[in-house]
Amino acid sequence: MLCDVSKYMSLDVHIMKVQPTEVYWANITHNLGEMAKAAGIYEYLWRPDELGIKTAGELVGPLTKGLKKLKASPAKFEKFNAENGWGTYEDFVPFVEAYLAACKREPDGLIEVSR
């Protein structure tokens, strides 16, 4: 039996795609790698994929610990400042703070790094 289409007002059809949307982006020099290692967060920042980390929420704990270390001993970490000025403690702490805040704000966000 055919449907009586005369009683319907309209037809809406949709074709939709879910596309990735970048919700945070930051860049920092590789010159800060040694400082990151000393704070225990190098792998979490530069190589999360090798640790099996996929989402931002997985970085909250490690980055929180690393940031506490950084802030507790500025002089210890300032010795890793790049001699050429490209990469200093004063650059790195705000970078980690902002990245941590973004991870807390978007815990289900997928992590991608380019090195």
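Visitor: Why is Thr88 counted as buried?

Guide: Welcome! This is a predicted model, and in it Thr88 has a relative accessibility of 15%. Buried means under 20% relative accessible area, so Thr88 counts as buried.

Visitor: Where is the place of Thr88 in the chain?

Guide: Look at the loop between α4 (74-78) and α5 (89-105), where Thr88 sits.

Visitor: Which residues does Thr88 touch, not counting residues up to four places away in sequence?

Guide: Thr88 touches Leu32, Met35 and Asn81. A contact means heavy atoms within 4.5 Å.

Visitor: How many helices and strands are there in the protein chain?

Guide: The count is five helices and zero strands.

Visitor: What makes the protein chain more spread out than a compact globule?

Guide: Here we set one value against another. The globule rule gives 13 Å for 115 residues, while the radius of gyration of the protein chain is 22 Å, well over that value, so the chain is more spread out than a compact globule.

Visitor: What share of the residues in the protein chain is buried?

Guide: Of the 115 residues, 28% are buried. The protein chain exposes about 8600 Å², with carbon and sulfur atoms supplying 54% of that area.

Visitor: How far apart are the mean positions of the positive and negative charges?

Guide: The protein chain has 14 positive and 16 negative charges, and their mean positions are 6 Å apart.

Terms used. Residues are numbered from 1 along each chain as its sequence is written. This is a predicted model: local features need pLDDT of at least 70, side-chain atom pairs count only at pLDDT 80 or more; totals for chains, interfaces and linings use all residues. Side-chain values use heavy atoms; hydrogens and water are left out. Helices (H or I, at least four residues) and strands (E, at least two) are DSSP runs, numbered from the N terminus. The radius of gyration is taken over C-alpha atoms; the globule rule is 2.2 Å times the number of residues to the power 0.38. Buried means under 20% relative accessible area, exposed over 50%, partly exposed in between (1.4 Å probe, protein chains only). Accessible areas come from the Shrake-Rupley method with a 1.4 Å probe; for residues, only the protein chains shown count as cover. Lys and Arg count as positive and Asp and Glu as negative; His and the chain ends are not counted. The place of a charge is taken as NZ of Lys, CZ of Arg, CG of Asp or CD of Glu.
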